[in-house]
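This report describes the architecture of a predicted model, with attention to its sheets, its helix packing and the contact between its chains. The sequence and structure are shown first.

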Amino acid sequence: MIDYKKNELLRFTTAGSVDDGKSTLIGRLLYDSKSIFEDQLAAVKKSSEYKGLDYVDLSLLTDGLKAEREQSITIDVAYRYFSTPKRKFIIADTPGHIQYTRNMVTGASTANLAIILVDARHGVVEQTCRHSLIASLLKINHIILCINKMDLVNYDREIYEKIVEDYKAFASKLQVKDIHFIPISALLGDNVVDRSERMDWYEGSTLLYLLENIHIGSDNNHIDCRFPVQYVIRPQSDLHHDYRGYAGRIAGGVFKPGDEVMILPSGFTSKIKSIDTYEGPVEEAFAPMSVTITLEDDIDISRGDMIVRSHNQPVTGQDIDLILCWLNNKPVNPSAKYLLMHTTKDARAIIKEINYKIDINTLHRIEDDKDLKMNDIARVRIRTTQPLFYDSYSRNRYTGSLILIDEGTKETVAAGMII
Amino acid sequence: MENYNLNYLKELEAESIFVIREVAAQFERPALLFSGGKDSIILAHLSRKAFHPAKIPFPLIHIDTGHNFPDTLTYRDELIKELGVRLIVGYVQDSIDKGRAKEETGYNASRNMLQTVTLLDTLEEHKIDAAMGGARRDEEKARAKERFFSHRDEFGQWDPKNQRPELWNIFNGKKNHGEHFRVFPISNWTEMDVWNYIHMENIPLPVLYFTHQRLCFRRDDTILAHSEFIKQKESENSEMMQVRFRTIGDMSCTGAVLSEANSVEDIIKEISISRVTERGTRADDKRSDSAMEDRKKEGYF
């Protein structure tokens with residue numbers, strides 16, 4: 001039985017180009033960590049035999065929908081789960097095709113770490129750079145570059161080292177601080193869960209060991225107090241007649257009873273009376289806890305307001321600079337208004353200016369083509385109907401991110417990261 | 001610096017509570033679908049936590065196939081009383097009587113598929129715009145790509161190719177007239193997480209989950225409970241077995257496992273060494289490779 005009181009959660013995303021062996025790697029992690037059940041394995045064995053394969057194709061474990069099985073590709077983000085005695089893992093498995101930038105952005109938005117796969121025979125290719133840049137844009141703090149298919153290059157150390165050097169040269173442009181390299185064979189299991197005997201020259205850890213031990217505690221912001229009010233709790237029962245609690249999830253900082261706080265947008269100040277949970281009041285609350293805050297004073301507060309400290313406020317504004325990733329088949333309509341969701345606040349917005357598009361393979365600016373289409377990434381300025389309370393995305397993922405929604409179809413059409 | 005880390009169950013709990021509160025805030029007429037199984041029990045438990053000290057601000061809906069384990073109904077009624085919330089029951093029998101659904105016949109007849117009709121009718125009758133369910137992504141491969149907020153068109157159908165991308169913790173519940181949402185607050189939980197949480201929170205469960213003596217029979221790889229709702233073949237002899245259930249659904253398709261597990265700790269131990277998934281005991285999933293996906297498209301949970 002695992003000690004769930006000590007276990008942490010690690011969310012990671014996996015990316016690689018077609019045929020880099022990503023599904024096989026995930027299948028291998030699930031299989032070697034004993035997260036695969038007999039009935040699942042039996043189904044995969046049966047399918048492998050049917051396809052005439054002489055090995056068990058672990059990639060079949062993760063292909064989901066009928067449409068994908070027919071096309072043998074992954075078309076959407078799929079979530080996988082496994083755990084070891086040390087951690088629980090959530091994998092956002094994203095397809096690597098060029099047209100699926102949007103899926104990678106989606107998968108990366110909740111991840112602490114990215115595994116990027118490189119085929120040892122091909123080395124660092126355009127897609128490797130694109131995946132890394134997206135991870136960097138989405139502020140994933142840790143990247144593990146897995147140099148896969150080492151079995152196909154005779155476990156050659158020089159080939160591995162060349163790829164590491166190439167990647168390091170490229171990665172100097174990224175904002176990711178923590179990068180690791182591991183030579184693996186997902187197909188045969190080398191250095192995935194078990195240490196490879198065929199690469200005794202490699203002295204680093206296995207992939208699973210790294211996933212279990214990498215330090216992720218500091219990925220949340222525990223400095224700037226931000227509490228977007230999500231829902232107002234008013235029991236109006238005899239027992240709790242005057243109770244008025246502000247429910248929400250801490251987006252940053254550490255809140256304590258007695259703290260002087262300010263409410264945005266009104267600017268009123270008060271003190272925290274209690275921080276309540278079902279189990280009773282708590283002495284402190286930090287991201288990503290869901291709690292209910294009560295205040296000493298009766299102030300009119302509703303969903304979309306934000307509770308902060310008066311000496312440390314977010315930016316309040318209506319003209320906002322963003323890195324925007326377009327997610328919809330329908331391109332940007334420069335004259336349209338879009339619905340906008342940011343923390344728990346709704347507003348409307350227009351895209352005032354598209355400054356430049358970003359070539360996601362090189363990070364170069366494209367100034368002469370400003371049509372934003374599906375999978376394009378651009379720097380833009382928007383104007384909102386009401387002020388938002390925000391931080392830069394690099395400071396706080398929760399208060400620095402927003403989405404745009406088409407007013408007609410109500411589909412999510414863009415993801416924005418505030419600069 | 002102090003250690004500001006949540007253990008993983010607390011983090012999953014915080015995420016689910018956030019999602020449940022989003023539903024209450026973004027929709028006008030949300031509801032929680034309650035099957036009597038452990039996942040919907042957890043959902044009710046999390047909902048209570050989310051709005052404490054107020055009551056849960058939405059009703060529970062139970063789709064009653066008429067083929068329930070009696071224990072499920074007892075548990076349901078006690079829970080409703082304790083939570084002080086409204087219960088809406090949709091009866092599959094009503095759908096059959098109205099000619100909206102046709103009873104299956106034969107040995108593998110089950111009302112499981114018919115539930116979809118009753119569910120959609122009940123949601124429409126009560127104008128539910130967001131129905132929360134306890135489905136998890138680890139259950140079945142068609143569920144691995146399901147969103148927390150899953151958009152349904154005006155026919156209640158799920159289009160897997162046209163789902164909204166879901167980024168960070170921003171959940172887009174905007175919709176046009178006639179459309180509605182299914183919401184899955186415990187998407188990121190696994191079967192083991194659910195059991196560990198039940199253990200941590202000491203949540204009472206229906207006795208069916210624990211070992212008991214029951215008259216059962218074997219069909220293919222499954223052990224089914226003997227009941228008036230299943231037609232047994234001549235070769236299928238009933239005998240007393242020491243069993244428990246890993247999932248609880250309609251009596252006609254929920255398989256039992258041989259087990260001595262008498263407590264949540266026993267069950268956790270049993271699952272950690274078990275090599276078969278919990279849906280491996282569900283006859284409804286074995287109909288074909290994409291059985292779940294096809295049912296989901298039509299509006300099944």
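## The open sheet of chain B

In chain B, six strands make up an open sheet of mixed pairing, ordered β3-β2-β1-β4-β6-β5. Strands here are DSSP runs of E with at least two residues, helices are runs of H or I with at least four, and both are numbered from the N terminus; two strands pair if DSSP finds at least two bridges between them. The edges are held by β3 (87-91) and β5 (149-152) of chain B, each with a single partner strand, so one side of each has no neighbour in the sheet. From one strand to the next, the twist averages 30 degrees.

Strand β2 (residues 60-64) of chain B runs parallel to β3(B) and is joined to it by five bridges. Within β3(B), B:Tyr91 is the residue opposite B:Asp64.

The model is predicted: local features need pLDDT of at least 70, side-chain atom pairs count only at pLDDT 80 or more, and totals for chains, interfaces and linings use all residues. Residues are numbered from 1 along each chain as its sequence is written, while chains are lettered from A and ligands numbered from 1 in the order in which they are written.

## Packing of two helices

The axes of α1(B) and helix α2 (residues 38-51) of chain B come within 9 Å and cross at roughly 75 degrees. Axes are lines fitted to C-alpha atoms, for helices over the stretch in contact, and angles between N-to-C directions run from 0 to 180 degrees. The two helices are therefore roughly perpendicular, a term that covers 65 to 115 degrees.

On α1(B), the contact involves B:Glu13, B:Ser16, B:Ile17, B:Ile20 and B:Arg21; on α2(B), it involves B:Leu46, B:Ser47, B:Lys49 and B:Ala50. Residues are in contact if their C-beta atoms, placed from the backbone, lie within 7 Å.

## The barrel of chain B

Chain B also contains a closed barrel of four strands, β7-β8-β10-β9, with antiparallel pairing. Its twist averages 70 degrees from one strand to the next. Four bridges link strand β7 (residues 212-219) of chain B to strand β8 (residues 222-225) of chain B in the antiparallel sense. B:Ala225 in β8(B) lies opposite B:Cys216.

## Contact between the chains

Between the chains, 57 residues of chain A are in contact with 53 residues of chain B. Strand β2 (residues 78-83) of chain A contributes the most to the side of chain A that touches chain B, with four residues.

Technical notes
Two residues are in contact if their C-beta atoms, placed from the backbone, lie within 7 Å. Angles under 35 degrees count as roughly parallel, over 145 as roughly antiparallel, 65 to 115 as roughly perpendicular and the rest as oblique.
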